[in-house]
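Subject: Handing over the structure

Hi there,

Here is the structure I promised to pass on to you. Please open it first, and then read my notes below alongside it.

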Amino acid sequence: LMNGASTALSSDNVSQKYAEFEQQVSQEAEKVKNLELRMAIVAPMKAGKSTITNAIVGQEILPSRNAAMTTLPTEIIFDAELTKPVLYLSSEILAVFQETLLVLRRRIDDRGIEQAKQELAQYPHLQQMPEQIQKSVGLSIPAESKGRESIIHTLTSLNDIVRLCSILDKSADPLQSLMDVPRIYTPFWRSSQANQQSKTLGNLVIVDTPGPNEAGDNLRLQGVVEEQLSRSSIVLIVL
């Protein structure tokens, strides 16, 4: 019905509204089909969001550090059948980040490695990245990462690439063209009885989001967070 309204009113300003309604209805229908409850976790930087998320999951699978970390919303989906967590990146995510790395390499070549490092002087955790990107060492992005350490390494690389773009070349920011998010499938940490119960109750999907004060002047990042909040059934705010 919404699609029909959108098509019939294609010459009218109202058509966009019905197209958005159609998308909303489709998303909600998908949640019902999968018995899925989406919970976005929101917090200012260093409020303990990753710690709480890791506690709910039962193991450390999200990277954290003293500096701002999360730039990419990440879905955590509980799967009772698994024995260890697995991170999946869609072909779209891989293609966007590979293109971003090529653009960054050209920018670093143009500037020179020393100039690039100078611009990153305030960000010690990013200092080694220009050389890694030039040599294509340590920044390969796998479609699948199994196990806690592998997941943390991949997510850290993705988030650091986004941070690097915000400093060296905002136009290369992968968030501008990404429509998908990384997904971690992880086993339940609770008893087998709870696992059995979860099949009846449905699926909890936790969405880790960047903090509102982690965005800086990255307006696209704020839009990404708003989009995730609009799709969530519950929002857990950590203060």
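Two strands are said to pair if DSSP finds at least two bridges between them. Strands (E, at least two residues) and helices (H or I, at least four) are DSSP runs, numbered from the N terminus. Before the findings, please note that this is a predicted model, in which local features need pLDDT of at least 70 and side-chain atom pairs count only at pLDDT 80 or more, while totals for chains, interfaces and linings use all residues. Residues are numbered from 1 along each chain as its sequence is written, and side-chain values use heavy atoms, with hydrogens and water left out.

The sheet

The protein has 9 helices and 7 strands. An open sheet of 7 strands runs in the order β4-β3-β5-β2-β6-β1-β7, and its pairing is mixed. At the edges stand β4 (144-146) and β7 (234-237); each has a single partner strand, so one side of each is left without a neighbour in the sheet. The pairing of β3 with β4 is antiparallel, over 3 bridges, and V86 stands opposite K146 in β4.

The aromatic pair

The structure holds 1 aromatic pair. The ring centres of Y88 and Y185 are 5.6 Å apart and the planes are at 75 degrees, so the pair is edge-to-face. For reference, rings of Phe, Tyr and Trp (its six-membered ring) pair if their centres lie within 6.5 Å; planes under 30 degrees apart count as stacked, over 60 as edge-to-face and the rest as tilted. Y88 lies in strand β3 (residues 86-88) and Y185 in strand β5 (residues 183-186), so the pair links parts of the chain 97 residues apart. Y88 is partly exposed, at a relative accessible area of 35%, and Y185 is partly exposed too, at 26%. Here buried means under 20% relative accessible area, exposed over 50% and partly exposed in between (1.4 Å probe, protein chains only).

Helix α3

In helix α3 (residues 49-57), the buried residues are K49, S50, T53, N54 and V57. Seen down the helix axis, they fall within an arc of 125 degrees, so they line one face of α3; the arc is that of the directions from the axis to the C-beta atoms. The face turned away from that buried side carries the exposed residues T51 and A55. Among what covers the buried residues of α3 are β1 (36-42), β2 (74-78), β5 and β6 (203-208). After α3 comes G58, whose phi is positive, near 100 degrees.

The whole protein

Of its 239 residues, 42% count as buried.

Best wishes

Notes:
Contact means heavy atoms within 4.5 Å.
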